[in-house]
Amino acid sequence: LSKVKDGVVAEFDGVITDFQAKEGVTIVGDAPVLTLASMESVSITIGLGKYEVQNIELGQKATIKIAGKEYTGTVNHINHMASASGTTSATSIDVRVKLDDPEGVILGIDGKVSVLIGAKDDALIIPAESVNTDKTGDFVYVVENNTVKKVYVQTGLSSVDDIEILEGIKAGDKVVSFVVGALEDGMTVVAVDGDMMNDEEGEE
């Protein structure tokens with residue numbers, strides 16, 4: 001008691017994220033009283049599946065969006081033990097991303113993390129929704145002379161919105177990105193430019 005009569009001082013600056021003790025309640029044994037989070041080293045943890053984590057490496061750069069603000073960070077830890085994901089049989093691997101400059105960050109809330117797993121100049125990219133998969137592999141539908149053609153492709157880097165095409169099609173090919181109904185190889189269609197569709201929707 002004599003050591004803490006003037007208060008308890010932490011070894012680092014931080015923010016209290018949880019306060020377990022209440023006035024008049026007896027603290028038993030080594031039960032925690034409060035949780036103090038350091039603002040000097042702030043990290044966010046994401047859970048990835050076994051296929052996603054294959055593309056993650058230490059040192060990769062990331063962008064983190066928290067409460068409307070964007071931060072940069074670096075992957076600094078990959079857990080080598082998977083853990084159960086919720087009540088299902090699926091498992092996830094925790095990956096920790098350290099924020100480069102956490103000034104102004106709000107602790108204890110969810111954030112959106114995007115990890116840069118690769119970059120390439122002059123890549124041929126198409127909307128990710130344009131790529132389909134069957135038992136043979138990945139394929140896209142292209143339009144040649146108003147006829148649909150099913151073309152198998154080899155994909156590369158990808159994001160939520162776009163995917164890189166390494167082989168199968170070339171720049172300038174008309175790739176179907178918006179499908180109404182079922183498409184089949186050899187079907188006759190009329191190609192509509194995406195910008196034209198947006199203009200028509202805006203006039204309605």
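Predicted model: local features only at pLDDT ≥ 70, side-chain atom pairs only at ≥ 80, totals over all residues.

Student: With which residue does Lys 170 form a salt bridge?

Tutor: The closest N and O atoms of the pair are 3.3 Å apart. A salt bridge requires a side-chain nitrogen of Lys or Arg within 4 Å of a carboxyl oxygen of Asp or Glu. The partner of Lys 170 is Asp 173.

Student: How many salt bridges are found in the whole structure?

Tutor: One of them joins Asp 173 and Lys 170. Another joins Glu 164 and Lys 120, and Lys 150 also pairs with Asp 134. A search of the whole structure gives a total of 3.

Student: How many residues apart in sequence are the parts that Glu 164 and Lys 120 tie together?

Tutor: In this salt bridge the closest N and O atoms are 2.9 Å apart. Glu 164 belongs to strand E14, whereas Lys 120 sits in the loop between E8 and strand E9 (125–127), so the pair ties together parts whose separation in sequence is 44 residues.

Student: Where does Asp 134 lie, given its salt bridge with Lys 150?

Tutor: The closest N and O atoms of Lys 150 and Asp 134 are 2.9 Å apart. Lys 150 lies in strand E12 (residues 147–152), so the pair ties together parts that are 16 residues apart in sequence, with Asp 134 in the loop between strand E10 (132–133) and strand E11 (138–144).

Student: Which strand gives the most to the lining of the largest pocket?

Tutor: The largest pocket holds about 890 Å³ of space, and 27 residues line it. Strands that each supply at least two lining residues include E3 (43–48), E4 (61–66), E13 (154–158) and E14 (162–167). The greatest contribution, 4 residues, comes from E8.

Student: Which residues lie nearest the centre of the largest pocket, and how many nonpolar residues are in its lining?

Tutor: Nearest the centre are Ser 114, Val 115, Ser 158, Ser 159 and Val 160. By class, the lining has 7 polar and 7 charged residues, and its nonpolar residues number 13.

Student: What is the area of the nonpolar surface patch that includes Leu 34?

Tutor: Leu 34 is placed in strand E2 (residues 34–38). Its relative accessible area is 38%, which makes it partly exposed. The patch is made by Ile 16, Phe 19, Ile 27, Val 33 and Leu 34, and its area is about 440 Å².

Student: How far apart in space are Gln 20 and Val 33, C-alpha to C-alpha?

Tutor: Gln 20 is in the loop between strand E1 (14–19) and E2, and at 34% relative accessibility it counts as partly exposed. Gln 20 and Val 33 are 13 residues apart in sequence. In space, their C-alpha atoms are separated by 5.2 Å.

Student: Near what value is the phi of Asp 122?

Tutor: Most residues other than glycine have a negative phi. Asp 122, in the loop between E8 and E9, is exposed at 81% relative accessible area. Its phi is positive, near 55 degrees.

Student: Which loop holds Asn 145?

Tutor: Asn 145 has a positive phi, near 55 degrees. Its relative accessible area is 78%, so it is classed as exposed. The loop in question is the one between E11 and E12.

Definitions and conventions
Residues numbered from 1 in each chain as written. Heavy atoms only, no water. 1 Å grid on protein atoms, 1.4 Å probe; cavity = no way out; pocket = protein on both sides within 12 Å on 5 of 7 lines; lining within 4 Å. Points joined across faces, edges and corners; volume = space filled by probe spheres on them. Nonpolar A, V, L, I, M, F, W, Y, C, P; charged D, E, K, R; others polar. Patch = residues over 30% accessible without salt bridge, like charges linked within 9 Å, V, L, I, M, F, W, Y side chains within 5 Å. Areas by Shrake-Rupley, 256 points an atom, 1.4 Å probe, with all protein chains shown as cover. Buried < 20%, exposed > 50% of the residue type's maximum accessible area, 1.4 Å probe, protein only.
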